[in-house]
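User: I'm new to this one and would like a close look at a single spot. After that, please walk me through the rest in one connected answer.

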Amino acid sequence: MVKGNWDEFILAKTDNPTFLWHQQRLGKARRNYLASLPGTIEFHMSGKRVRLFHASQQGIYHRVRMHASPDDQLRMLSNTDFTGYAFEPDLVGYGDIHRVYLKSFQHKILFNVGSVGNPLDVTQAAYAILEGTYDSSMESTFSIQMIRVPYDIELAIRQAEDEGMPELEPYATELRTAQYRGSKPPPQ
Ligand SMILES: [Mn+2]
């Protein structure tokens with residue numbers, strides 16, 4: 001697991017009743033766990049150098065969208081003070097935007113794993129599986145699977161309602177429509 005923007009937001013000292021509700025629900029042990037998460041994870045797999053982070057090479061709050069310029073997307077594979085300079089990734093995987101995509105560049109790949117609990121492209125949970133020889137610098141077969149899983153969205157909404165989760169309506173609408181509460185309808 002890597003640290004995301006909400007993992008940090010949710011830990012901040014606050015008077016906001018929604019944040020306080022979530023902090024209380026998480027409890028101390030989980031909050032400590034979130035605070036301990038790394039910003040990046042790096043490993044070799046089948047001869048590829050893989051880096052994972054939440055939002056971008058700049059940090060957990062710097063967002064790079066699916067339709068960002070190719071230059072901005074290619075920069076996702078560069079090194080910064082946030083990523084450190086010891087590793088030069090061939091592949092970068094990230095989250096943050098809740099939309100699945102994969103983009104190939106010369107010798108490099110950028111992919112987004114989407115979101116399990118709040119997908120904003122298709123109303124199905126999303127995740128990726130990287131398959132290859134872990135911790136190996138030797139070139140061999142490698143794959144990235146993008147997986148979509150239909151699930152009982154109405155049950156998830158009912159459970160949140162039963163627990164008294166604040167701001168239920170926008171959450172329910174996001175789960176039902178895969179459309180972010182802050183965004184305009186997508187172009188047809
Ligand atoms: Mn995020």
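Does aspartate 135 count as buried or exposed, and how many C-beta neighbours does it have inside 10 Å?

Analyst: Aspartate 135 counts as exposed, because it has 7 C-beta neighbours inside 10 Å. The cut-offs are these: 20 or more other C-beta atoms within 10 Å make a residue buried, 12 or fewer make it exposed, and anything in between is partly exposed, with C-beta atoms placed from the backbone.

Two things to know before going on. This is a predicted model, so to speak of local features takes a pLDDT of at least 70 and side-chain atom pairs count only at pLDDT 80 or more, while totals for chains, interfaces and linings use all residues. Numbering starts from 1 along each chain, as its sequence is written.

Back to your spot. Aspartate 135 sits in the loop between strand 6 (125–131) and strand 7 (143–149). Helices (H or I, at least four residues) and strands (E, at least two) are DSSP runs, numbered from the N terminus. The aspartate also has a positive phi of about 65°, although it is not a glycine.

You'll find serine 46 in the loop between strand 1 and strand 2. With 18 C-beta neighbours inside 10 Å, serine 46 counts as partly exposed. The two strands around it make a hairpin, with 2 residues between them.

Let's follow that hairpin. Strand 1 (residues 40–45) and strand 2 run antiparallel and are joined by 6 bridges. Two strands are said to pair if DSSP finds at least two bridges between them. Among the bridge partners, isoleucine 41 goes with leucine 52 of strand 2, and histidine 44 goes with arginine 49 of strand 2.

Strand 2 also has a link to strand 3 (residues 91–94): those two run parallel, with 3 bridges. There, arginine 51 has valine 92 of strand 3 as its bridge partner.

Zooming out, 5 strands form an open sheet of mixed pairing, in the order 1-2-3-5-4. At the edges are strand 1 and strand 4 (100–105), each pairing on one side only. From one strand to the next, the twist averages 15°; this kind of angle is taken between lines fitted to C-alpha atoms, for helices over the stretch in contact, and runs from 0 to 180 degrees between N-to-C directions.

Strand 2 (residues 48–53) is mostly covered, with 5 of its 6 residues buried.

One member, tyrosine 94, is in contact with Phe53, His54, Ala55, Ser56 and Asn112, if you leave aside neighbours within four places in sequence. Contact means that the C-beta atoms, placed from the backbone, lie within 7 Å.

Now the helices. Helix 2 (residues 17–36) has 20 residues, and a straight helix of that length would span 28 Å at 1.5 Å a residue, yet this one spans only 24 Å between its end C-alpha atoms. The expected span is 1.5 Å times one less than the number of residues. Helix 2 has a kink of about 100°, centred on glycine 27; the bend at a residue is the angle between axes fitted to the seven residues ending there and the seven starting there. Of its 20 residues, 0 are buried, so helix 2 lies largely in the open.

Leucine 37 is in the loop between helix 2 and strand 1. It is partly exposed, because 15 other C-beta atoms lie within 10 Å. Leaving aside neighbours within four places in sequence, leucine 37 is in contact with Met1, Val2, Lys3 and Asp7.

Helix 4 (residues 153–162) has 0 of its 10 residues buried, so it too lies largely in the open. Leucine 155 is part of helix 4 and is exposed, with 9 other C-beta atoms within 10 Å. Its C-alpha atom is separated by 31 Å from that of tyrosine 61, 94 residues apart along the chain. After helix 4 comes glycine 164, with a positive phi near 75°.

Notes: Two residues are in contact if their C-beta atoms, placed from the backbone, lie within 7 Å.
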